[in-house]
Amino acid sequence: MPDPAWKLAKYKEEWTVADSLNASIGQGYVLANPLQLAVMASRIASGRQLQPSILADQVQSAPALGIDPAHLARVRDAMYGVVNEGGTGGAARLLVPGVAIAAKTGTAQVRRITMAERASGVLKNGQLPFKLRDHALFVCFAPADKPRYAAAIVLEHNGHTVRNLDTPMIGRDIMTYLFDRDRAVAALAEVEPSWGGDIRTRMAASAEEYRLAAGGAPSAVAAATEANATAATEAPAVAAATAASTANAAIVGNTSGGGIAAEGSTESPEP
């Protein structure tokens, strides 16, 4: 985390109140990678200073965080509500009976919003070029009442624009797979058609697009799924899904039933 000493050493500038405000909401100079986000989720879930390890025989017992347990309990309850009580992560609700997930959605702004844009109305992610859209974030742990797994998902420039290509559903699928693999695979089969087909179809379509861009002639036979479905013939399925999402924004909107807002999250893009 950035602090006054870090800023003075790096930029030769004094820390300001604005820096504190930005840091408090994860903006400004704050940087975090997916592993750090996952570790954060695991520490909130456990109340302990867990350290990641890829070797099972090197896992050590972790000391308590030194944070009031009542404060951690309040955060865990709020993360449960994000998914299960009408929050922005409703799409992450687990498909496994008796297992609940606790989570938090988030965005990472990648562009500067000018005062002129603020005056006329800040553009939504769906109105922006891909590279100017916010990164979409999601941290989670499960089971919510007896945590065993924690995860973090980051989709660059996703902007929370398409519900079934967004971070909450990816978090749901990851956790579902850990608790019930058959159920997770079945759920994947249901949503794959909206992405342009199964993995073989999507890879074949991407290869064809790349080959055509390099000046090659169109293939005589289009790629097909194992079910012999027609392969996607144009650009990634994301483009089509984004158009569909825009057309159905009112339906996809954040509802009391725990859906994702039309723009994915109620997180404000403002610093």
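This is a short walk through the packing in the structure above.

Before I start, a word on the ground rules: this is a predicted model, where local features need pLDDT of at least 70, side-chain atom pairs count only at pLDDT 80 or more, and totals for chains, interfaces and linings use all residues. Residues are numbered from 1 along each chain as its sequence is written, and side-chain values use heavy atoms, with hydrogens and water left out.

Okay, the core. By nonpolar core I mean a set of buried Ala, Val, Leu, Ile, Met, Phe, Trp, Tyr and Cys residues joined through side-chain atoms within 4.5 Å. Buried is under 20% relative accessible area, exposed is over 50%, and partly exposed is in between, with a 1.4 Å probe and protein chains only. The largest one here has 14 residues, and Val83, Leu94, Ile101, Phe138, Cys140 and Met175 have the most contacts inside it. At least two residues each come from α4 (69-84), β2 (135-142) and β3 (149-155); β2 gives the most, with three. Those labels are DSSP runs numbered from the N terminus: helices are H or I with at least four residues, strands are E with at least two.

There's also a second, separate core of 12 residues, and Leu37, Ala41, Ala45 and Leu137 are among them. In general, nonpolar side chains tend to be buried together in soluble globular proteins.

Now stay on β2 and look at Phe141, which lies in that strand. Is Phe141 buried or exposed? Buried, with a relative accessible area of 1%. Leaving aside neighbours within four places in sequence, Phe141 has contacts (heavy atoms within 4.5 Å) with residues including Ile44, Arg76, Met79, Pro147 and Met175. Phe141 and Ile44 are 97 residues apart along the chain, yet their C-alpha atoms are separated by 9.0 Å.

Next, helix α7, residues 181-191: its buried residues are Ala184, Ala187 and Val191. They sit on the same side of α7 because they cover an arc of only 65° around the axis, taking the directions from the helix axis to the C-beta atoms. What covers them includes α6 (167-179). On the face turned away from the buried side, you'll find the exposed residues Arg181 and Asp182.

Last stop: Thr105, in strand β1, residues 102-108. Thr105 counts as buried, at 3% relative accessibility. Which side chain does the side chain of Thr105 make a polar contact with? That of Thr88, at 2.6 Å. A polar contact here is a pair of N or O atoms within 3.5 Å; within protein, one must be able to donate a hydrogen and the other to accept it, and residues adjacent in sequence count only if both atoms are side-chain atoms.
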